[in-house]
Amino acid sequence: GDLLTFYMYRVVSDEVYPPINVNTANIGGVLWYLHHEVVIQYPRKFDITRVMRMKVQMRATKPLLDLAMNFGPRTAFDSGQCTGPFVCGRNTEGGNQPKFCNGAFDKNNEADILAMSGKPYEGSYEYSKFGYHVGCNNLGEYPFPTYKVFYPRAAWYSLPGACLSEVFSKRTPQCKAQEPGGLCEGTPTGAGNCTWSYEVMGEVSLDELVGQAVDELHKSGGREYDPIADKGHKFSFWDGINNTDANAKRIKALQKLFAEKFPNQALDEDIPSPPCDFNFGTFYKEFWYKDPFSGKCEDAKVGSACADSVKWGISDGIYVHPEWFPGLTSNSTFKDFQRLFYAQGKAACPYRPCDEPVVDAPRNDDDEGFGNTTSTLPGPEVEPEKEEADDQVEARCSTTPVSSRRGDSTMSSCRRRHSSPSFADSDQFGALWTCDETSNAMRCDPVKADLAQASPCLASPVSRRRRAGLMLACRRRQSTPGLWDSDSLEDLWTCNQQADEMMCKVVEVQ
């Protein structure tokens with residue numbers, strides 16, 4: 001993902017502590033908070049006296065980028081403890097929808113937020129699946145405030161650090177190791193435990209901003225702001241809380257004050273906060289699905305529409321459109337894909353697979369997790385015939401050489417076939433060894449290899465996309481003058497222009 005660099009602001013008292021496990025804001029968001037929460041009383045709430053500015057660098061995790069987001073949901077912090085809201089199950093009245101709980105995450109809720117694989121998230125869905133991401137919300141949208149806001153582009157953020165499940169006074173080395181948070185030194189990498197870094201840039205006092213010492217104002221019988229009258233007494237800086245023009249002037253006043261006090265720093269206008277692109281419906285999409293572990297079960301039969309749909313999802317769909325497969329990865333099983341299609345209500349898969357989730361298992365930090373997603377779980381007791389089959393699988397993988405990674409002379413990371421233009425690939429379709437892009441490693445998978453041999457689409461390589469020069473989008477034959485197409489009309493693989501991707505005419509599933 002792209003490295004984002006911008007200013008964040010937070011209000012503080014004379015007591016200074018690091019901006020870790022806290023909420024921050026852009027310049028409109030910090031003024032909204034001051035106006036609605038702080039200056040409505042005297043002394044000011046929490047004895048706040050200053051506005052601090054810091055330059056933040058952040059990079060989104062891959063699970064967020066797969067959903068076309070840089071930010072996850074903003075969570076609240078109270079004395080360093082993350083208090084949600086966290087998704088804690090499904091509300092089923094009137095149709096499925098996510099259920100939310102406030103307060104610190106309750107591990108008893110893990111059984112109600114199982115991944116599609118049936119494995120529990122280690123902690124909250126928000127941070128276990130998507131890493132310790134920077135959260136945001138546009139004021140006026142989920143989670144708070146959800147009513148109309150009159151400060152332009154106002155946004156709040158959450159900055160998760162180590163041991164976010166406990167208040168500052170109860171943080172322990174063990175907790176910090178189990179919950180490392182997203183703060184890291186240097187440039188964030190986008191790993192689940194390295195999503196943001198910061199540099200304190202300076203501060204201005206509230207008295208400087210409003211142009212008068214608030215203590216002197218109140219000694220003279222004045223008042224900074226009366227929320228009932230929507231104005232001050234002997235004072236006018238905060239008059240008109242729902243006046244957009246007046247709020248814009250207050251934003252300009254704070255920008256000007258920082259510019260005057262720190263003339264060598266970039267202006268707030270020059271490195272504006274990026275759009276808060278958190279999408280509630282997309283992020284929590286799977287909680288609108290049917291319960292994937294209830295209802296009639298029937299394993300998809302070879303040659304059925306469900307089996308063909310699953311095969312396509314495993315071989316191509318998860319790579320071309322990962323956002324269509326929430327909760328799954330390139331390592332997910334055949335039954336994981338069937339379960340997802342069932343939960344999504346796909347007509348091809350009317351039944352869930354016949355297996356039960358295992359919900360009590362130790363964490364394996366080598367598995368996809370923090371963050372990545374889930375823990376590795378022990379399976380059922382293996383019968384002798386199954387052990388013999390597993391031995392045969394292991395032998396096939398150990399005696400078959402690993403095909404070279406896909407890449408040019410300077411690229412070391414592996415890629416799925418046709419995932420990037422201009423790269424060569426020595427892997428044959430249906431080879432035992434293919435690229436797992438999530439972990440950037442070659443994986444042996446005899447099951448997928450056998451499936452590839454059983455399906456004409458999986459056994460046939462994808463023909464080259466039709467393009468001219470550096471054009472990446474595919475086109476139907478003769479749809480645009482001047483473009484060539486290497487696909488024969490009889491080829492299984494042709495261009496689906498609506499989806500802008502190559503599709504198999506036999507297994508054309510979305």
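This report walks through disulfides in the structure shown above.

## About the model

The model is predicted, and local features need pLDDT of at least 70, side-chain atom pairs count only at pLDDT 80 or more, while totals for chains, interfaces and linings use all residues. Residues are numbered from 1 along each chain as its sequence is written, and side-chain values use heavy atoms, with hydrogens and water left out.

## Counting the disulfides

A disulfide is a covalent bond between the sulfur atoms of two cysteines. Here, a disulfide is called when a pair of cysteine sulfur atoms lies within 2.5 Å. How many disulfides does this rule give? The count comes to 6 disulfides.

## Cys-163 and Cys-175

One of the disulfides joins Cys-163 to Cys-175, with an S to S distance of 2.0 Å. The pair links distant parts of the chain: Cys-163 sits in the loop between strand E10 (155–159) and helix H4 (173–178), and Cys-175 in helix H4, 12 residues apart. These labels come from DSSP runs numbered from the N terminus (helices are H or I, at least four residues; strands are E, at least two).

The link of Cys-163 and Cys-175 is right-handed, with 100° about the S-S bond. Are these two cysteines buried or exposed? Both Cys-163 and Cys-175 are buried. Buried means under 20% relative accessible area, exposed means over 50%, and partly exposed lies in between (1.4 Å probe, protein chains only).

## Cys-297 and Cys-354

Another disulfide is formed by Cys-297 and Cys-354, whose sulfur atoms are 2.2 Å apart. This pair, too, links distant parts of the chain, 57 residues apart. You can find Cys-297 in the loop between helix H8 (280–283) and helix H9 (305–320), and Cys-354 in the loop between helix H10 (334–343) and helix H11 (384–399).

The link of Cys-297 and Cys-354 is right-handed, with 95° about the S-S bond. Why does Cys-297 count as partly exposed? Cys-297 does so because its relative accessibility is 31%. Cys-354 has 33% relative accessibility, so Cys-354 counts as partly exposed.

## Cys-306 and Cys-349

Cys-306 and Cys-349 are also joined by a disulfide, with 2.0 Å from S to S. Their link is right-handed, with 105° about the S-S bond. Because Cys-306 lies in helix H9 and Cys-349 in the loop between H10 and H11, the pair ties together parts that are 43 residues apart in sequence.

Cys-306 has a relative accessible area of 5%, so Cys-306 is buried. Cys-349 is buried, with a relative accessible area of 1%.
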